[in-house]
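This report describes how parts of one structure pack together. The sequence and model come first.

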Amino acid sequence: MSGWQETFFVALLIAAVSACSTQVSVRDPRIPDPLITAMPLSVGVRYPQSFDHFVHEEQVIGKEKWQIDLGASNKILFDKLFNAMFTDVTLIAESEDAATLGLDAIIEPSIDAFEFSVPEQSQTDSFAVWIRYRIKIFDRNGTQIANWPISAYGKSQTSTFGGDEALRRAAVLAMRDAAALIIMQMDKSTGISKLINNDNAMPTTAAPAVQQTAVEEQGDDAR
Amino acid sequence: MMLDKPAISYSYLLLRGSFLALISLSLGACVTASIERDRAGVTGLEEGEGVVIMAKSYHLGNETENKFINCVGAAIGRGRDGLRVVPNQEFVDALFPWFEPRTAPADTKGLPDLMMRPGVAEMIKEKGVRYVIWLDGTTDRVAGGGSMSCAAGPGGGGCFGFAWWTNDAKYEASVWDLAGLEDSGTVTADYTGTSFVPAIIVPIPLIARTQSKACKGLADQLKLFIIDEPKPI
């Protein structure tokens, strides 16, 4: 095979592969300032590494491959959210010992799962995104007091936005849905406000029962 | 040597196509409309007050097209009797997270609690929103048939056949008064239109613009519904 034939073949192969793959990126979900009153609570937030750069790849069976790059969107989302929800928020590094910081609570959000559906799968003209977050809350002694799963859902029509844009919009709507759910139910589901000025909290020998709230069905009902 | 002249020249086909197009434009496709108003309270707008158009939540299974929502918003704001329409996204962002699909009140019973939340009543006043119009419904293809086949060759191409379909646009607009915290009533629009595409070489689409007619009809009725106070008997 001559040089130009080889180049042509490689170019053709790249074109064929790229034609079967769609990339969508969300750099900033642009979550608005929540219209809420902050809880008088000093919290520390510890993000997992995946929040710095989250990428989800999925091959739709018999169809194209999708790559959704959320970048640091989750971090931006939770930063905005917790800064509105609590009066004092401190970012804690993974290696840092939070017990020395004198905080009322430590929050650890994470992503359990990311799923989406394209119009060919749902037989509609909409893209849908499901994100399952998990929020763990620890008291000042490092004892876990809550382990809360959150199912968020977003949907966007292709007729309004193009395919890529519709999926991007569905992802942003799912993040907004998560934010709304956390604002509405976090205290009820985790009891975080009970940690305010909890000066008497001392390390305990027996760990208290973790408050596990089954709220997964709240997102599942939207499916 | 003499070439045979084609039996039907292209200029003849073009002329015939244009003629059919003219006929089709004059005939158009028909749309039948039904609009009902159900008033539950007195309405009216003061200086500086406006409306916001919202889609009912997709968490509740609503599938109203964004295109339709934008169309109704634009149509309500248009004309001499146009109302002040606050952009939907601006309103939802300003009141985040209280009008998200998951959190928006499902009925007017939820309005007093919503207004009690810190900053909500003030923000609604700042935005000048007096009425929230909730749209629900879709445009669906309910029937269709016929067949059409097209072919192309070195000498030209063409289509032959007949296709038709019927679209049904059913929408309901619920009007909530944020000043009185009550349901002002509903306007429902049901438009049905059948489109035809006959083709004798050139396809002639006779498209019934069902959704856009439903949009204009609903918007006109909503303007009347909000501005016109019922006369005392």
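## Two helices of chain B

In chain B, Phe68(B), Cys71(B), Val72(B), Ala75(B) and Ile76(B) of α2(B) meet Gln211(B), Ser212(B), Cys215(B), Lys216(B), Leu218(B), Ala219(B), Leu222(B) and Lys223(B) of α6(B). Contact is taken as C-beta atoms, placed from the backbone, within 7 Å; helices are DSSP runs (H or I, at least four residues) and strands are E runs of at least two, numbered from the N terminus. By class, this contact holds nine nonpolar, two polar and two charged residues, where Ala, Val, Leu, Ile, Met, Phe, Trp, Tyr, Cys and Pro count as nonpolar, Asp, Glu, Lys and Arg as charged, and the others, Gly among them, as polar.

## Basis of the model

The model is predicted: local features need pLDDT of at least 70 and side-chain atom pairs pLDDT 80 or more, while totals for chains, interfaces and linings use all residues. Residues are numbered from 1 along each chain as its sequence is written, with chains lettered from A and ligands numbered from 1 in the order in which they are written.

## Contact between the chains

Chain A brings 17 residues to the contact and chain B brings 18 residues. On the side of chain A that touches chain B, β8 and α4 of chain A each supply at least two residues. The most come from α4(A), with seven residues. That side of chain A divides into 10 nonpolar, four polar and three charged residues.

## Around Met175(A)

Leaving aside residues up to four places away in sequence, Met175(A) touches Pro29(A), Ile31(A), Ser73(A), Leu77(A), Ile131(A) and Ala152(A).
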